[in-house]
Amino acid sequence: MSRLAGWLRALAIAGALLATACADRGDKPVELRFWLMGREAEVVSQLLPEFERRNPGIRVAIQQLPWTAAHEKLLTAFAGDALPDLCQLGNTWVPELAELGALEPLDSRVASSREIRRDDYFAGIWDTNRIDGVLRGIPWYVDTRLIYYRQDILAQAGFDHAPRSWDEWAREMRAVKAHVGPARYAILFPLNEFEPLLALSLQGDNTLLADGGRTADFHDPAFTRALAFYVDAFRNRWAPEMSNTQVSNVWTEFGRGFFSFYVSGPWNIAEFRKRLPPERQRDWMTAPLPGPHGPGASNAGGSSLVVIAGSRHKDAAWKLIEYLSQPAVQERFHALTGDLPPRRSTWALKSLVADPYASAFRDQLERVRPTPAVPEWERIANEMQLVAEQVVRGAIPIGEAPAELDRRVDAMLEKRRWMLDRKRP
Amino acid sequence: MNGRIAGWSFAAPALIVIGGFFLLPVAVAFALSFTDFDLYALASLDNLRFVGLRNYLELLKAPLFWQALGNTLYFVVLGVPLSIGLSLGAALLLNSPLARAQAFFRTALFAPVVTTLVAVAIVWRYLFHTRYGWVNQGLAALGIDPIDWLGDPHWSMPTIILLAVWKNFGYNMVILLAALQAIPRELYESARIDGAGTWQELVHVTLPSLGPVLSLVSILTMAGYFQLFAEPYVMTEGGPLRSTFSVLYFMFEQGFKWWNLGVASAIAFLLFALVLAASEALLRFARSRGMA
């Protein structure tokens, strides 16, 4: 027994020595653990040598997570206390990890930073990182939805420009559908994707959730109007009742003219360039999302860079974030990925100004709106789409949809209400 | 006394592993199913509430749970007999003295079992594509209008059943083939001497001899089919209109997508009870027929 105690004591001393040794060795380079998702992880390694050259004391170790598994990996890592030093985070996940207490507040760092200036960022995208008034992340790239359209088919149907309002959009879709006939369609709204309907429903001063994210607010006229527009597209047979899995290949189908309008994000610029045949390249274009009465708003998606609260190298992590936020670095990043930069000064650089497909995004970014910053958001958006699908396929009358959605979402927010009420004195 | 200690110490490694990696997690999951463990509780255990039977009661009241259960039963009731029928048919054909290139066909029919489902799903999505799929083109040659296999809520589940049956029947086929080959030839000879035809041989010799194996295969297949998840996950994501949404899919969505582990555990135990009851019923039926 006493021998075991002796072993334990020796082990404890060795551990303590090791810990002090680690803390004392200032000359040893700091190894920053940096988690990224998808394609960004592959290209960011090309940006890092320059950073490591400028900061000899810091080494960056990258780990790539696939987007589909990233969410559960992050939560598992949080539960196991194994989060990295800094991380790329889809900005709808920021509220969730902030709620867990996993993210370092960044307000004071921004206030003293010469690199990151708040007013240079698009306001809508910056605000997605403010949770309960505290800044938890720095926007890295922006993802918003707007329309891709076939200029040639639109011209054949008698229109020389993209729609600017919903009325005009409806007229154009009607004309395109009449032109292409019963086997093809005017627009693709994949029934398993919530983003198009979400973008359409951000066209007012509605917030989708009311009372600080305590209750659902889908009975708001701005949402019911968006839902009606969405459902009308199916009722008029402008849009096929299809999910993405059925279309199989949206790029080929867009090239074949199966649909002429497609609401999607910036990554598809590169995809359409790559996948459409050369003779089709002059036929497609991007345009800002129309609103009910003029240029519309869209969602403020994208990824942020966050510092993990439990990290031991927060200063080094912040340095890397500052480096990745420099306009020149963002320009290279854009060239490598096609991801859209969140800063106006990056957009002023030549390669971005010269890109005809990107300019609609530049315009749209001035009108992006954040979605509610609650951890339940992803689930709520999914439920919204499930109800929309039920309306489109005739399982729920459209008049009952807002109340049904309110009921389901209110049930999801029950725990949140309980927690918020408990915090109040 | 010594023998007892020796016995336990031989069993101990296995028992510890079973206890640590099976019994304990099951007990924790059972406890979780009486709480509202979710993302907030992960942040701080102060946010954990004991809710008693609420998870179970809410589930039994939720239309989505009943829909998922209905879909799962649809899949089991249609899929299991189809799968076993096809396995038996294929095994009988392969075992027939008339069969040529037996080894080739045995491998070919077993191949789907060992093929990755995700790869299969991509091919099947194209086969059943409304406009380009070979299935619809074949139907068109017969003068049948195209069917929206994966997009029509009425056809999506039959398509999933077809996929699952095709993917899985080879496994049972191999087991049944082995059982067929173990039936003594004398039985057939004496049946033939007594003047039995092919059909009578099948009904009075082959099937009774296969009885125990058939009931085993049925129970295993049924328990497996109740856990429908991967096929709709890769083919339809549970859609359209949740028509291919299964109980296990519901559990996955609650547990791993939304992190509502309390509700997910409750679903797991409801499914467990269901599979247990169904297996027991099948076993009793088999016993009453003297098949097990």
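1. Interface between the chains. In this predicted model, 21 residues of chain B are in contact with 23 residues of chain A. On the side of chain B that touches chain A, two elements give two or more residues, namely helix H2 (39–43) and helix H6 (117–127) of chain B. H2(B) supplies the largest share, four residues. By residue class, this side of chain B divides into 11 nonpolar, six polar and four charged residues.

2. Confidence. For the complex, the predictor gives an ipTM of 0.82 and a pTM of 0.84. Chain B has a mean pLDDT of 91, with 99% of its residues at 70 or more. Within chain B, confidence is highest in H4(B), at a mean of 94, and lowest in H2(B), at 83.

3. Overall form of chain A. Chain A contains 22 helices and 15 strands. Its radius of gyration is 24 Å, close to the 22 Å that the globule rule gives for 425 residues, so chain A is as compact as a globular protein of that length. Taken along the principal axes, the box filled by the C-alpha atoms of chain A is roughly 85 × 50 × 40 Å. Of the 425 residues, 43% count as buried. Among contacts in chain A with a separation of 6 or more, 76% join residues 24 or more positions apart.

4. A five-stranded sheet in chain A. The order of this open sheet is E2-E1-E3-E14-E6 (chain A), and the pairing is mixed. Strand E2 (58–65) and E6 of chain A stand at the edges, each with a single partner strand, so one side of each is left without a neighbour in the sheet. On average, and with direction ignored, neighbouring strands are turned by 20 degrees against each other.

5. At the E2 end, strand E1 (residues 30–37) of chain A and E2(A) pair in the parallel sense over eight bridges. Val30(A) has Ile58(A) as its bridge partner in E2(A). At the other end, E6(A) and strand E14 (residues 301–307) of chain A run antiparallel and are joined by five bridges. Here the bridge partner of Pro139(A) in E14(A) is Ser304(A).

6. Cover of the sheet. Which strands of the sheet does helix H15 (residues 314–324) of chain A touch? This helix packs on the sheet and touches E1, E2, strand E3 (86–90), E6 and E14 of chain A. The direction of H15(A) makes about 145 degrees with that of E14(A). Although strand E6 (residues 138–143) of chain A stands at an edge, E6(A) is mostly covered, with six of its six residues buried.

7. Backbone points to check. Two residues other than glycine have positive phi values. For Asp211(A), phi is near 60 degrees; the residue lies in the loop between strand E9 (209–210) and strand E10 (215–216) of chain A. Asp211(A) counts as exposed because it has 12 C-beta neighbours inside 10 Å. For Ala101(B), phi is about 50 degrees, and its place is the loop between helix H4 (63–95) and helix H5 (102–114) of chain B. Ala101(B) likewise counts as exposed, because it has 9 C-beta neighbours inside 10 Å.

Definitions and conventions:
Residues numbered from 1 in each chain as written. Chains lettered and ligands numbered in written order. Predicted model: local features only at pLDDT ≥ 70, side-chain atom pairs only at ≥ 80, totals over all residues. Contact = placed C-beta atoms within 7 Å. Nonpolar A, V, L, I, M, F, W, Y, C, P; charged D, E, K, R; others polar. Buried ≥ 20, exposed ≤ 12 C-beta atoms within 10 Å, placed from the backbone. Pairing = 2+ DSSP bridges. Axes fitted to C-alpha atoms, helices over the stretch in contact; angles between N-to-C directions. pLDDT = per-residue confidence, 0-100. Rg over C-alpha atoms; globule rule 2.2 N^0.38 Å.
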